[in-house]
There are 2 protein chains.
Amino acid sequence: MQPPEAFPAQTPAVAQIFTTVLSHGPLTRSEVAERTALSAAAVTKAVRPLIEAGYLVEDADDAARRALGRPANPVRVDGGRALFIGVKATGNELIGVLTDLCCRIRVARHLPLTDQDPRAVLAAISDLVGELRTEAEGLGVPVLGLGLAVSGDVDRARGVVRYSPFLGWSEVPLAELAGMTCGLPVTVENDVRALTVAEQWFGAGVGLSDFALVTVGAGIGCGLVVHGQVVAGAHGVAGEIGHVAIDPAGPKCRCGNRGCVEAIAADAAVLDRIRETTGADVADTAQAIDLARRGEPGAREAYAAAGEAIGRGIATVANLFGPQRVIISGEGLAAYDLFAEQIRDSFTAYAFGSAAQCDVQTRPLPFEEWARGAAATAIQSFIRSD
Amino acid sequence: MQPPEAFPAQTPAVAQIFTTVLSHGPLTRSEVAERTALSAAAVTKAVRPLIEAGYLVEDADDAARRALGRPANPVRVDGGRALFIGVKATGNELIGVLTDLCCRIRVARHLPLTDQDPRAVLAAISDLVGELRTEAEGLGVPVLGLGLAVSGDVDRARGVVRYSPFLGWSEVPLAELAGMTCGLPVTVENDVRALTVAEQWFGAGVGLSDFALVTVGAGIGCGLVVHGQVVAGAHGVAGEIGHVAIDPAGPKCRCGNRGCVEAIAADAAVLDRIRETTGADVADTAQAIDLARRGEPGAREAYAAAGEAIGRGIATVANLFGPQRVIISGEGLAAYDLFAEQIRDSFTAYAFGSAAQCDVQTRPLPFEEWARGAAATAIQSFIRSD
C-alpha cells in the first residue's frame, strides 16, 4: 500500500491534468479534456485515483451548472490535503511560509540572518522549517515538500546554488544539505523564476503561454515563460533584464559594464544618484522616496531615470519574444507613483511596432510572495516527481 | 482511396515521428521511440503507412549496424518522394528554389521585381512558381506546397503580411491570393523565422531546444527557438534584435529611436557612417568593404562599430534566453573579417556570467538559403496539416 501522502500514478498526463485543475479548477472532466487535449477516457482514468487519494474532490451536483448545459460534478483540488513550505533567503533575512496545496499562505515567518555562511544559513533554515512544521502539526496536515528560493545562478535540476552574489555563495549543494537537515524533498530555484512559477500557476500568468514577470527593487530581475514553460537558460542564465545595457555613458554596473538597467534603476543605484545630485545624506529607500515625494528635483529625476530604464528593459523583452503580458512587481513598486509614467512612456517609445500592444501590468506583491514562489516550486516538484 | 501525395495518418505523434526521422535519420524504430519518448508500438504503427506511402524508406539490413548491437533496418525519409517550392521576396527581387522533401535545393531561380505592388509581386511569384513547376515535371515528382518568405510582420496562421516596410505592404492576404494563383497549399512566414525553421530542422539547430539565428545585412534580424519551438510573438513581433537600443547618443533609427543595433550595423547604416567620416563617395557595400580592407580608418571604424553593436545585441539575447547556441548568418557576413573580432569581444564583455558560455557560431549561407527557409515552412505545413 502506498503511504497516504504519495501522489498517485505519476505520468506526465496525470501531472498535466492535476496542474490544469489546480490553476483553472473547478472543472468538469470534459473541460479538463478540452484544456489538456487529452481524451475524456484518459482524464476519467487519471482523476479517479486522485480523488481516492484525496487530492481532488468532486463537488456535489450543481443545478445551476446543469441549467447551463454543463455536465455535473466538476472537480477541484483539495488545498487542505497537503502543506508545503517555501523559504526565500535574502542577504539578511529568511522569509518562510507554510502554504496549502493551492499555494495559499497559511502562516508566514521572518528570521534575521546575521551570518551568510552556508552552514549558518542552513541552521537558520532548519529552525524556520521546524517552526513552520510545528504549525502544520497543529493543523494536522502533512508537509510534503520544501522550496528554497535564492537570488543568483541556481541549477534547479542539480539542486545547486552555483553563484549567489547577495549571499556570497558559489557551488553550494543546497538541496542535498537542506534535505539532510530537514528530512523533506527539497527544490532549490532562482528566486525570480520561483515567483514566476507562482504567477504562472496561481497568479496573473494563469492561462498565458507567454509572459514575463519583471521584479524591481534591490535588483532588477525577470522571469520568462515561453511556450508555457519557464525559461531557465542553457547555461543557467536567463531573464537578466537588469543587465540590458542601455547607455554606454551611464553609471558603472557591478557586472563591469556601464549603463545596465540595474545600474540605473536598482534601489542602491537610485540612492547613489540622489546623493550625487542633491548632496543629501539619504540613508535608505524610504527616505529617498520621501524626498522625491516632497518634490526635490534631484530625487524626482533619479526615479524618473529609473522608470525610463525599466521601461526600456521591458521593451527589449517585448521586442525579442513578444509576450502576451508583462507583470511588474517587487518591493521597488513602493516608489511606483514616482516612475510609473516613465516606465509606460519609455516602454511605448521603445516597443517595436505591434509589440507595444503587450499588456503591461503592475502587481504589488508583499515580500512573503517570494517565499510563496519557493513553495510553488515545491508543489510543482511534488506533482511532477517520479 | 487517398491521393498518392496525401501524407498519411495526421496525428501529432505521426508528425513528430516523421520530423524526427527527417532531422536525425536514418534511425531505427527504437531510436525514434527513444528520441520522441513515444512507445515502440506507436512508432511501429506510425512508420508502416509512411513506408507504404513512400515517405519513409527502410534501408536494407546492415551488417555493420548489427555488429554495433543496433537492430537492423533503420528508416529514413525519401527526399525524392515530393518537391516543394520556396520563394523569398525582397524589395527588388524574387528568389525561388525547388527543394526535395529533405529541403535539398534542386533548382534555384532569381527574378527581378520592378514593381512592389501586391498584384505585380503576385504575378511575378506566379511566373517563378510556374518555371519551377516545369522543372519539377521534368523530374516527374509532384510539388506539394509553396512557402513564401517576406520580411516584416507576418501572421503565418492567417497567411497575412501585416506590415512589410521593404515591400511597402500592409494587411496583404498573401497566402489566399497566392493559393488562388498557383493552386498549391501556401505558407507565408516572416523571412527570418523561415530561415530559423530551416536551421532547426536541417541545419545548425538540429537537436537543440534553444538557439538563436542572427542575420546581418540589409537588416539585423533574429529568429529564436525556445523549448523546441520558433518564437512568433503574441502580437506578431519577436526577435527584433535590430531594435535593441544600445546608445541614446547613437544614430537615428527608422523606428524613431536612437542607437538601435540596426541603425549602427545594417548595411545602409555602415555606408552612411563611412560617407560621413571619410567623405568618400561609397556607392555600395562592396565598395565599403573594399575601402575598409584597404585600411581606410573611417571605414574600418564603421565596421568595428557594427561588430560591437551586433555583439551587444547577441549578448542581450543570451542574457535574456540563455540559448545553447547563437548562429550568425546573412549576406552581411561578407564583411566578417572586418567585424568578427568586435562581435566576439563585445559579446564576451556584455554576456552576463555563464551566458558567455553560449556557443556563438558563424554560418555563411548563400542568398538562396532564404528561399530554402520558405520551402522549409512549406514542408513543415505539409507534415503538420490536417
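A salt bridge here is a side-chain nitrogen of Lys or Arg within 4 Å of a carboxyl oxygen of Asp or Glu. By that rule, the interface of domain 1 of chain A and domain 2 of chain A has zero salt bridges. The count between chain A and chain B is also zero.

This is a predicted model, in which local features need pLDDT of at least 70, side-chain atom pairs count only at pLDDT 80 or more, and totals for chains, interfaces and linings use all residues. Residues are numbered from 1 along each chain as its sequence is written, chains are lettered from A and ligands numbered from 1 in the order in which they are written, and side-chain values use heavy atoms, with hydrogens and water left out.

**Chain A against chain B**

Contact means heavy atoms within 4.5 Å. On that basis, 41 residues of chain A touch 41 residues of chain B. The size of an interface is often given as the accessible area lost when the parts come together. Buried area is that loss, taken with a 1.4 Å probe and summed over both parts. The two chains bury about 3400 Å² between them, 60% of it on carbon and sulfur atoms. Which three residues supply more of the area that chain A buries than any other three? They are His235(A), Leu320(A) and Phe352(A), with 22%.

Polar contacts are pairs of N or O atoms within 3.5 Å; within protein, one must be able to donate a hydrogen and the other to accept it, and residues adjacent in sequence count only if both atoms are side-chain atoms. The rule finds 22 such residue pairs across the interface of chain A and chain B, both residues at pLDDT 80 or more.

Helices (H or I, at least four residues) and strands (E, at least two) are DSSP runs, numbered from the N terminus. These elements of chain A each give two or more residues to the side that touches chain B:

| Element of chain A | Residues |
|---|---|
| β12 | 220-226 |
| β13 | 229-230 |
| α11 | 297-321 |
| α12 | 336-350 |

α11(A) gives the most, with seven residues.

**Domains 1 and 2 of chain A**

Domain bounds come from an automatic or database assignment. For chain A it gives domain 1 (12-77), domain 2 (81-198 + 369-384) and domain 3 (207-362). The centres of domain 1 and domain 2 of chain A lie 30 Å apart, taken over C-alpha atoms. Each of these two domains puts eight residues into their contact. Together they bury about 660 Å², 74% of it on carbon and sulfur atoms. One residue pair is in polar contact, both at pLDDT 80 or more. Helix α1 (residues 12-24) of chain A gives the largest share of the domain 1 side, four residues.
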